[in-house]
Amino acid sequence: MTETVKGPAGYFPSIEKKYGRPIPEWKELIRSSHLTKHMELVSWLKAEHGLGHGHANALVAHTLAEGPAR
């Protein structure tokens, strides 16, 4: 039986399907941005890349929780 992914990562399949980019690419965009605050990054993803609020929020939350690039 497969375990259901919870939290921000639960949005990842629909983000990839709707916006056509893999999650690692979105995370790299977030990390390469000069912005550092959560809501600044969410607003930027919405304005510059057309993401919905929930999807942008999930990507930013998950990326920032991971810390610096690995």
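## Burial and surface

Of the 70 residues in the chain, 29% are buried. The model is a predicted one. The accessible surface of the chain is about 4700 Å². Carbon and sulfur atoms hold 55% of that surface.

Following the sequence gives the pattern α-α-α-α.

## Overall size

The C-alpha trace spans about 40 × 25 × 20 Å along its principal axes. How does the radius of gyration fit a globule? For 70 residues, a compact globule would come near 11 Å. The chain has 12 Å, which agrees.

Take the contacts with a separation of 6 or more: 48% of them join residues 24 or more positions apart.

## Charges

Count the charged side chains next. The chain carries 9 positive and 7 negative ones. The centres of these two sets lie 5 Å apart.

## An aromatic pair

How many aromatic pairs does the chain have? The count is one. The partners are Tyr-19 and Trp-26, with ring centres 6.3 Å apart. Their planes stand at 85°. Planes over 60 degrees apart count as edge-to-face, so this pair is edge-to-face.

Are these two residues buried or exposed? Both Tyr-19 and Trp-26 are buried. In this model, that means each has under 20% relative accessible area.

Methods: Residues numbered from 1 in each chain as written. Predicted model: local features only at pLDDT ≥ 70, side-chain atom pairs only at ≥ 80, totals over all residues. Heavy atoms only, no water. Helix = DSSP H or I, 4+ residues; strand = E, 2+ residues; numbered from the N terminus. Rg over C-alpha atoms; globule rule 2.2 N^0.38 Å. Buried < 20%, exposed > 50% of the residue type's maximum accessible area, 1.4 Å probe, protein only. Contact = heavy atoms within 4.5 Å. Areas by Shrake-Rupley, 256 points an atom, 1.4 Å probe, with all protein chains shown as cover. Lys, Arg positive; Asp, Glu negative; His and termini not counted. Charge placed at Lys NZ, Arg CZ, Asp CG, Glu CD. Phe/Tyr/Trp six-rings, centres within 6.5 Å; stacked < 30°, edge-to-face > 60°.
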